[in-house]
Amino acid sequence: MKSNNKQEPCVVDIKIHENQKMSIFIPIDTKDRNNRLILVNRNNQEEISLPIKIKYVNGETQLLYSVLDYFDLKGILLNGEFWDLYLQNSKGTQRVICKNNSIEFVRINGEAGTFHAYITKKGNISFKHSEVELFAGVNNVEFQNDGVLIVEGLIEKIDLKRVHEKYLAITDVSNNESRLPIDITERTGKQFDTFQAQLKLDKKYIESLPNSLKFTLGVEFTEEETVIVKESPRLKYHGAIKFEDTFTFNNEDTKLKVTIKPTKKKRYLSVKILEDNPLKETADKLELKVVKMRRGKRALKLYKHIFNIASLLPKKKNLVVFESFHGKQYSDSPRAVYEYMKVNEPEYQLIWSADRRYYSDLKSKGLPVVRRFSVKWLIVMTRAKYWVTNTRLPNWIPKPRGTEYLQTWHGTPLKRLAVDMEEVHMPGTNTFKYKSNFIKETAKWDYLVAPNQYSSEIFERAFLFNGKMIESGYPRNDYLIQEDNKETIHELKKSLNIPTDKKVILYAPTWRDNQFYQKGKYKFDLSLDLDHMKKELGEEYVVVLRMHYLIAENFDLGPYEGFAYDLSKHEDIRDLYLISDILITDYSSVFFDYANLRRPIIFYVYDLDEYRDSLRGFYLDLETESPGPLAKTTDDVIYSIKEFQMSNYLLGDNFEKFYDRFCNWEDGESSKRVVQEVFKK
């Protein structure tokens with residue numbers, strides 16, 4: 001759909017009527033009788049024509065409006081996730097813009113979630129189906145000299161009599177979340193009530209500077225005896241309000257500066273806290289500009305060009321670059337191969353690639369580290385004879401001639417992979433694009449590690465892999481075989497501050513493709529009832545939570561102190577395997593590794609049908625082949641734990657069959673076999 005953007009028409013208001021019809025109002029300087037609004041499906045360009053009526057005429061200005069009947073058009077609207085709005089008349093077709101952020105509060109509860117208006121990054125108005133659970137926005141912010149921030153705004157009406165908890169969630173620059181209670185004032189006859197929260201900028205917000213705070217609202221209430229939690233998207237400024245100011249205040253011996261303003265494109269409420277030091281602030285701003293320039297399209301194009309030129313440099317035959325989970329961890333099979341080579345192959349130069357946010361952490365471990373995408377990293381990557389990683393590298397990175405790429409991957413697959421996936425529900429991609437990019441990456445792999453025969457066959461087919469399959473077992477599991485003893489487990493519990501006199505339940509679920517905040521950040525609702533588990537099991541057990549590295553949640557475990565521990569950020573899950581007496585998981589590949597320890601596994605699969613049939617699909621039939629019981633509720637989980645306890649943790653025939661099929665290559669020497677195959681061939 002081509003658009004003529006001269007004197008773009010602008011939506012000034014959208015209203016929802018009692019019959020759930022949506023009126024869209026646009027003032028326009030024309031008496032053209034051919035005006036009509038068009039909704040265009042962004043995916044397939046299908047059009048819906050919305051005839052325009054004149055609401056008010058004043059000279060040459062007409063206030064035009066159109067009515068969108070969602071339920072009359074739902075058969076068409078459900079064919080697309082995004083619908084863009086255009087005005088068409090005898091002069092051509094123009095994209096409709098919007099400068100009134102309050103329109104993003106207007107929504108209809110449809111069959112595919114919420115259907116509502118939103119403003120794109122370019123200021124255009126569009127409509128979409130989404131899973132917005134709670135609509136809320138900011139209309140005033142005040143800062144007091146004692147470091148107290150008062151946030152006020154609007155929140156959609158809820159039955160306060162059923163609400164157990166209502167809160168403002170604050171996320172800092174390190175993705176740590178805290179919650180504050182909010183006060184809600186009801187407004188009769190209005191769609192939205194008002195809320196207020198007071199935030200004290202105390203130690204947890206200023207101990208690490210500079211810091212940046214983001215905000216959402218949440219409520220927890222009961223509906224038909226079920227506890228439901230709803231959270232808003234990140235809070236935006238409502239309507240035309242644009243509060244922006246900078247304050248200074250003293251905290252003990254430090255003078256701090258607080259900047260409150262909307263973000264440029266989306267008008268999110270943003271609070272930045274930094275030391276009131278002009279010289280340091282200038283340096284930080286300069287560094288930020290450099291980072292933004294590096295991430296820009298021009299910089300990426302130049303970087304790719306330089307990478308290609310540098311790839312012509314001669315290879316250093318003993319140089320090996322390691323990376324785990326995009327440079328965020330020192331873990332998994334790359335770690336196991338590195339530690340084996342460090343002891344047994346001292347002639348090799350071993351270097352770790354680290355994401356800039358995790359560079360200091362990896363360096364503090366005494367590792368030889370280079371910052372990912374820096375100039376030094378570029379030279380190291382292009383001159384290295386070997387790359388060792390467990391996830392995909394960015395597609396734009398070409399593999400230089402003479403470099404050998406060892407891909408260890410990161411798990412035995414239960415969920416369908418790559419080419420075997422029928423549909424892709426992840427943000428920022430579609431099924432065709434996802435598979436094409438995957439195949440482009442796997443074509444670069446020279447070696448791929450398989451932990452068992454089952455994986456070897458799936459990898460070859462799903463990745464369209466034509467290189468050398470190393471059928472060795474997983475290097476990362478050598479640690480489980482070699483360190484499974486009372487002394488190591490006792491010391492690990494002490495170092496992790498886990499009670500040494502209690503058994504440990506490890507809960508390690510995976511992420512859901514279709515539940516996300518943005519690309520690379522996935523939602524997860526902790527559906528295990530920790531209150532119930534603590535009452536039933538707290539005398540003998542503690543629970544350790546280990547979320548997938550793509551899950552963005554931070555759980556408030558304050559009420560469960562001494563019983564539940566969130567160790568999601570512990571660098572390597574292998575330590576958590578060793579200290580655990582029972583594993584609870586769902587569709588994560590962790591159970592394949594954990595089975596090597598010959599300990600009980602419980603599958604908490606409350607959404608089994610949806611996950612199996614709609615999202616991914618499985619290679620195994622969990623209901624008949626799982627090495628442990630399937631549980632749909634917390635009561636089922638507790639029952640299974642007590643059953644294992646009563647039987648002295650007897651694992652059963654299904655487990656033995658599973659162990660023989662998936663763990664028979666693991667003997668503690670997989671790293672040695674991989675190194676022999678790649679580096680000693």
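These are my notebook entries on a predicted model of one protein chain.

**Ground rules.** Residues are numbered from 1 along each chain as its sequence is written. Because the model is predicted, local features need pLDDT of at least 70 and side-chain atom pairs count only at pLDDT 80 or more, while totals for chains, interfaces and linings use all residues; side-chain values use heavy atoms, with hydrogens and water left out.

**Whole chain.** I looked up the secondary structure and found 19 helices and 40 strands. Helices (H or I, at least four residues) and strands (E, at least two) are DSSP runs, numbered from the N terminus. Of the 681 residues in the chain, 51% are buried. I take buried as under 20% relative accessible area, exposed as over 50% and partly exposed as in between, with a 1.4 Å probe and protein chains only. Next I checked contacts, meaning heavy atoms within 4.5 Å. Among those between residues at least 6 apart in sequence, 64% join residues at least 24 apart. The chain exposes about 33500 Å², and carbon and sulfur atoms supply 47% of that area. Accessible areas come from the Shrake-Rupley method with a 1.4 Å probe; for residues, only the protein chains shown count as cover.

**Helix H11.** Which residues of H11 are buried? In this helix, residues 486-495, I noted Thr488, Ile489, Leu492 and Lys493. They cover an arc of only 130 degrees around the axis, so they sit on the same side of H11. The arc is that of the directions from the helix axis to the C-beta atoms. As a reminder to myself, an α-helix has 3.6 residues a turn, so residues three or four places apart point the same way. The buried residues of H11 pack against helix H10 (478-482), strand S33 (503-507) and helix H13 (573-579). On the face turned away from the buried side I found the exposed residues Lys486, Glu487 and Ser495. I then looked at both ends. At the start of H11, a side-chain oxygen of Asn485 comes within 3.3 Å of the backbone nitrogen of Glu487. Just after H11, Asn497 has a positive phi of about 60 degrees.

**Two buried threonines.** Thr389 belongs to strand S29, residues 384-389, and is buried at a relative accessible area of 3%. A polar atom of the Thr389 side chain lies 3.5 Å from the backbone oxygen of Thr391. Beyond its neighbours within four places in sequence, Thr389 is in contact with Glu323, Pro334, Tyr405, Leu406, Gln407, Thr408 and Trp409.

Thr442 is in helix H8, residues 431-442. Is Thr442 buried or exposed? At 2% relative accessibility, Thr442 counts as buried. Its side chain reaches the backbone oxygen of Phe463 at 2.9 Å. With neighbours within four places left aside, Thr442 is in contact with Phe463 and Phe465.

**Surface.** Tyr639, in helix H17 (residues 634-646), counts as exposed at 53% relative accessibility. I also checked Tyr639 against Glu536, 103 residues apart along the chain, and the C-alpha atoms are separated by 9.8 Å. My last entry is Ile379 in helix H7 (residues 375-383), which is partly exposed at 36% relative accessibility.

Notes:
Polar contact = N/O pair within 3.5 Å; in protein donor to acceptor, adjacent residues only side chain to side chain.
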